[in-house]
Amino acid sequence: MDKNVRMVLTRFRAGSAIGLGVALMALSGPAMAEITVMISGGFSLAYQEVIPDFERETGIAVTTLSGASQGAGPKTISAQLERGVHADLVILSREGLDELVAAGRIIGGSDKELARVPLAAAVRQGSPKPDIGSVDALKRSLLAARAVSMPESTSGQFLKAVVFPRLGIADTVSVTVVPRGIDSTSMLAAGGSDLALGPVSELVNQPNVELVGPLPEEVQLVQVFTAAIVDTARHRDEAERLTAFLASDRTLAAIRKAGMGAGRRSPDALDADSAKAACLTSECALACVERPRRPPSMFQTDSTACWNAPSFEVPGLIGFRPLERRNRSLYLF
């Protein structure tokens, strides 16, 4: 059977959202363009929602692989690339990307910020929501939990290396570290833990899981999820097209639905009116806040989408703290 026919039938049986027109083009025209993406969990929810539109509009077939941004296990993106697993494009936290750049795995200048997401906590649906509104309240809630689950990737490393020692509970809190965010929420939903910690985007829209809210600013890490082209990419042009699509305004609704804020857009978008418009939603993790003290260097992120803007109030916004106009640098994440 012709390769293109097999591909169309496989996608049809798998219930792919690729349009009929694209399928017919694959049967009658030249070989269909393809791209392989390796993505971590933090951006997956928004990604899964918009990829069918990209496939339908461009005729580019997307194969998606999964891997953790950081960690020591064999399923991290770094480990998979190291042992020869092919990917044209990777999407992961900035911290994980920095490791790939240092290892020479990424084409220079190909990285593009897609979304920003803070750390949060979740409980099993129907369970009482603990108080995490302050550092002291968070400490009490963590110590009261029978078990706390979290991924071993970027967020888990930050919590273990920075937050728990700072709270003085590194040796007393009962923590179970699992490979991925989905493993953490599955453990929570099954009753294996009382509290799950991780990026907001890995805690929302999960079965039997309910978001409590973001962690206090003093112990917060805003992860920047970024796309970049792998140095061994076989389909660089297609990877550039997908990167541009994911970084465009076409994905904003899906990003906010997943509890994230938009990544850095063009300078024209970084004015007060655009910032205010972007913040006018109550079901997202966007925030306009004074730039906090940076965490230790190993967890620094490139939060450089800054501009001067007047203060404004958005009731109900997660993590929002109004500022007065003093020519301060503000940033939107």
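Which residues are buried in helix H6 (residues 135-144)? They are Ala137, Leu138, Ser141 and Leu142, where buried means under 20% relative accessible area, exposed over 50% and partly exposed in between, with a 1.4 Å probe and protein chains only. Helices (H or I, at least four residues) and strands (E, at least two) are DSSP runs numbered from the N terminus.

This is a predicted model, so local features need pLDDT of at least 70 and side-chain atom pairs count only at pLDDT 80 or more, while totals for chains, interfaces and linings use all residues. Residues are numbered from 1 along each chain as its sequence is written, and side-chain values use heavy atoms, leaving out hydrogens and water.

| Side of H6 | Residues |
|---|---|
| Buried (under 20%) | Ala137, Leu138, Ser141, Leu142 |
| Exposed (over 50%) | Asp136, Arg140, Ala144 |

The buried residues, Ala137, Leu138, Ser141 and Leu142, sit on the same side of H6 because they cover an arc of only 135° around the axis, taken from the directions from the helix axis to the C-beta atoms. An α-helix has 3.6 residues a turn, so residues three or four places apart point the same way. Strand E6 (148-151), helix H7 (154-167) and strand E8 (195-199) are among what covers the buried residues of H6.

Now for Leu97, which is found in helix H5 (residues 94-102). Leu97 is buried, its relative accessible area being 0%. Beyond its neighbours within four places in sequence, Leu97 is in contact (heavy atoms within 4.5 Å) with Leu92, Ile106, Asp111, Thr226 and Ala228. Between the C-alpha atoms of Leu97 and Ser78, 19 residues apart along the chain, the separation is 8.9 Å.
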